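Here is a quick tour of charge pairs and helix packing in one model. Have the structure open as you read.

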Amino acid sequence: MIRAMSTQDPASALSPDDHLILVDGSTFIFRAYHALPPLTRKSDGLPVGAVAGFCNMLWKLLQEGLTPEEGDEPTHMAVIFDHSSKTFRSEIYPEYKAQRPEPPEDLIPQFGLIREATRAFCVHSIEQEGFEADDLIATYARAAAAQGARVTIVSGDKDLMQLIGPRVGMIDTMKNKIFGEPEVFEKFGVGPDKVIEVQALAGDSVDNVPGVPGIGLKTAALLVNEFGDLDTLLAKADTIKQKKRRENLIEFAEQARISKKLVTLKDDVPVALPASALAVTDLDGTRAVAFLKALEFTTLTRRVGETTGADIAEIEPAELVIKGWHEPDGKGRQMDNGRTPAGTAGGGDNTTTAADPDGGSAGWQPQTVADAAAEAAKAAPVDASAYETVTDTARLSAWIAEAAETGYVAVDTETTSLDAMQADLVGVSLATAPGRACYIPLGHVDGDGDLLGGGDLIAGQIPLSEALALLKPMLEDPGILKIAQNLKYDWLVLQRYGIEVGPHDDTMLLSYALDAGIGGNGMDALSERWLGHTPIPFKEVAGSGKSMITFDKVPIETAAAYAAEDADVTLRLWQVLKPRLAAERMTTVYERLERPMVPVLAKMEARGIAIDRQMLSRLSGDFAQGMARLEAEIHELAGEPFNVGSPKQLGDILFGKMGLPGGKKTKTGAWSTSASVLDDLAAEGHELPARIVEWRQLSKLKSTYSDALPGFVNPETRRVHTSYSLAATTTGRLSSSEPNLQNIPVRTEAGRKIRKAFIAEKGNKLLSADYSQIELRVLAHMADIEQLKQAFADGLDIHAMTASEMFGVPIEGMDPMVRRRAKAINFGIIYGISAFGLAAQLGISRGEASDYIKTYFERFPGIRDYMEATKAFVHANGYVETIFGRRAHYPEVNTKNPNMRAFYERAAINAPIQGSAADILRRAMVRMDDRLAASKLTARMLLQVHDELIFEVPEAEVEPTISLVRDVMESAAEPAVRLSVPLQVDARAADNWDEAH
């Protein structure tokens with residue numbers, strides 16, 4: 001029975017003893033639907049067959065685990081669903097999954113109920129707009145495995161087999177079949193690391209992946225095994241002996257490359273919850289029974305009641321919101337899977353968020369000022385038929401004049417892509433009052449374009465240049481406030497057309513400043529919460545499945561209703577949220593930490609950063625050669641050749657043949673070859689495990705970075721443009737994606753080589769400015785720890801000082817191992833590290849680790865006082881604050897579930913520290929461009945990575961820029977807060993990122 005509860009902090013890493021289960025929810029849904037005969041709720045005829053099947057499958061998994069054997073129970077678990085919306089693959093290839101039929105009509109109302117069922121069984125339900133469930137599974141699997149945890153994917157989907165590896169397994173519970181490397185080889189003829197190469201060639205008729213005509217799985221495997229990878233094969237296609245095969249490979253080479261992009265799972269999705277936050281919790285019998293009773297599942301209700309001890313007779317059925325189904329009286333609600341603007345974390349209204357694992361905001365009530373504003377915003381009905389479609393310059397001029405008269409206007413853009421650096425502008429919508437909105441179509445075409453777009457521009461639209469010439473003065477007018485939802489995207493799009501939007505308000509950031517941790521900040525979630533209105537779903541406008549189209553092909557009349565409604569809703573949300581700033585004393589947080597970041601980040605994203613693709617190519621080659629060299633050494637040490645990437649074969653060599661100590665078998669009967677097992681063996685001096693560890697590191701670097709980064713180069717700018725999310729975390733930290741530049745490894749020499757490929761343009765240098773131990777400095781200030789404050793003031797080695805305080809040893813001549821232990825404790829304390837976690841990190845006993853933590857608190861009692869005071873505050877108020885007043889809300893902190901209560905307490909202890917550090921960095925970034933300009937320096941801020949800023953600087957300006965950047969960053973907290981410890985910034989310039997860092 002799966003009921004072990006992880007005690008990890010949400011911000012900390014998983015450990016090798018953790019086991020994460022990722023359930024492919026979409027597979028469960030359709031198997032449940034097709035496996036059972038039609039079933040309806042007796043009282044009203046609601047179709048519930050798929051819900052019943054899903055509940056039984058999930059209950060069986062929770063009760064029995066993955067196999068009947070005891071032991072090795074998962075500590076973390078989530079069910080991952082597809083978000084019913086367009087994904088980034090549709091932008092790559094519009095025909096992707098286009099032939100798939102719409103879901104059965106009687107299944108539609110069950111989608112939302114199935115997600116509610118997941119939460120009723122106290123399991124995390126996760127989905128995210130723009131990404132398939134497989135991408136989210138890949139992201140969590142990669143993150144967990146990288147931290148040493150075990151991952152088991154519950155699915156039979158062949159597309160997920162590319163994820164199988166040393167720490168990632170897969171099981172089809174319906175067929176009770178376990179998939180490892182041998183099963184993947186049996187299916188595809190190659191190992192997991194080559195699956196995407198085979199799929200790219202063979203294609204997939206189910207998902208409409210084109211592949212190369214005439215090449216099936218067997219032929220694809222033969223070619224991949226012969227040439228190594230798709231790129232090499234296509235480069236040498238003219239050497240293929242078979243004429244037809246050769247001709248097809250040459251003719252359809254680009255189609256194969258597109259196919260590879262389609263089948264490659266994205267493993268760096270900016271998810272709202274880290275893997276460590278998916279802890280398994282005890283089942284709430286009352287909640288589960290209430291849900292099951294509402295659906296009239298008598299047998300399962302009885303089983304759950306008996307197992308959990310819940311009193312079935314006393315529990316009232318839950319009240320369910322059923323979407324997509326009309327009751328016999330015709331009053332049912334239509335299905336809406338939500339829409340989240342680019343740059344926000346989350347998906348539909350079922351999406352789990354870090355602060356709200358149940359997907360809601362129980363226990364939290366809106367402020368009175370917002371209630372009044374919401375009533376005013378709702379006074380005018382949301383009526384799409386009342387919106388105007390503007391098709392001539394006279395009417396556009398009239399709307400612009402109205403915006404000038406009003407002094408504010410809500411603005412939204414419609415484009416052809418979620419990538420703001422490559423999206424084409426299709427139209428602009430404006431709103432000047434609730435219910436008064438318009439749409440200005442600019443780039444709608446007849447829809448006859450090919451794969452890459454095209455089609456003839458529809459008549460009756462204002463020419464793009466004329467419309468922008470009229471809009472530009474208004475959008476840049478300092479006397480007109482522009483209001484938008486997730487403005488950074490629109491700002492970037494319009495900037496490419498020569499327009500710099502300002503001044504502005506952003507409803508997403510208003511919500512984030514006010515309610516971080518309470519529900520989502522996406523437009524649809526906010527609209528439903530504050531206006532009681534569900535906006536038009538994107539799929540009703542652009543279609544779904546085979547009818548999915550890009551927005552430029554949406555009929556103008558249809559587009560107008562959708563786009564103008566967005567502007568209308570955004571304006572209403574502004575009317576609700578803006579008054580709360582003053583009422584709740586959050587004006588400074590919004591105006592100093594949130595709103596100014598929009599143009600700062602937009603400019604950084606637009607600038608991008610150059611990479612040396614040849615270097616990355618050489619690195620890929622070096623990594624491949626290194627892997628080959630290591631493979632030869634491994635085979636020699638093993639005394640026989642074997643598949644180094646096969647955990648089973650490796651386990652048989654290490655423990656079966658060589659008889660190395662420490663071997664333990666998993667429930668599948670195979671030897672465990674986890675990272676922790678190999679690290680332990682390597683530490684004991686065994687050469688073969690040490691070589692395997694090196695091989696795995698090189699393999700990861702090659703696939704994730706050196707091979708992948710060139711694919712992110714913008715064809716126009718020839719630079720890499722990451723995208724920053726402003727409202728993705730509860731604490732204020734930024735996250736990046738497409739590509740994620742915050743996870744590039746820096747602790748190994750091989751990993752640092754990746755950073756060498758990030759280069760300055762000719763005549764420039766890259767400057768890295770990095771805060772030194774900023775979170776420890778913030779902790780010393782907030783907890784008022786005199787020893788730490790004095791050490792920072794004296795410029796001492798803080799970890800050596802801590803070791804000296806704890807262990808009574810002199811700083812001079814200190815054993816590096818003693819310092820390392822103090823360092824682990826210093827940083828671990830911030831994240832609420834447990835004795836178990838510290839023991840695993842340092843390779844010591846849990847008792848010894850417990851003694852270390854106890855000694856630490858004895859030597860620095862102020863830290864314990866800070867923790868206890870923070871817990872008391874969050875229980876009393878439901879939130880905690882940074883030193884600048886930013887609030888991180890934890891509305892569920894007073895839950896009766898002790899495990900979840902402890903989870904929120906640890907998060908609340910960390911949030912003021914991490915959030916204050918994030919706020920300091922934001923303040924520095926907001927000031928930076930103006931300070932550079934005032935000093936007539938032309939350096940450009942390009943990247944923010946954790947506590948580090950990266951600039952591109954002309955060679956002649958390096959020294960004055962370093963001095964200015966260091967001054968701005970070290971004084972960033974002032975004058976709002978005068979820290980009791982000095983901030984220190986390490987800055988250096990070089991030709992590439994690694995040398996600068």
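## Pairs along a helix

Lysine 472 and glutamate 476 sit four residues apart in helix α16 (residues 464–476), which puts about one helical turn between them. Helices here are DSSP runs of H or I with at least four residues, strands are E runs of at least two, and both are numbered from the N terminus. This is a predicted model, where local features need pLDDT of at least 70, side-chain atom pairs count only at pLDDT 80 or more, and totals for chains, interfaces and linings use all residues. Numbering starts from 1 along each chain as its sequence is written, and side-chain values use heavy atoms, with hydrogens and water left out.

The two side chains meet in a salt bridge at 2.9 Å, N to O; the cut-off is a side-chain nitrogen of Lys or Arg within 4 Å of a carboxyl oxygen of Asp or Glu. Lysine 472 is partly exposed at 31% relative accessible area, and glutamate 476 is partly exposed at 30%. For reference, buried is under 20%, exposed is over 50% and partly exposed is in between, using a 1.4 Å probe and protein chains only.

Glutamate 306 is exposed at 60%, while arginine 302 is partly exposed at 40%.

Arginine 886 and glutamate 594 form a salt bridge of 2.5 Å, N to O. Arginine 886 is in the loop between β18 (879–881) and β19 (887–889) and glutamate 594 is in helix α22 (residues 587–594), so the pair ties together parts 292 residues apart in sequence. Both residues are buried.

Elsewhere, salt bridges link Arg629, Glu633, Glu687, Arg691 and Glu694 into a network. The whole structure has 52 salt bridges.

## Helices that cross

How do α31 and α34 cross? The axes of α31 (residues 798–807) and α34 (residues 846–859) come within 9 Å, at roughly 95°. Axes are lines fitted to C-alpha atoms, for helices over the stretch in contact, with angles from 0 to 180 degrees between N-to-C directions. That makes the two helices roughly perpendicular, a label covering 65 to 115 degrees (under 35 is roughly parallel, over 145 roughly antiparallel, the rest oblique).
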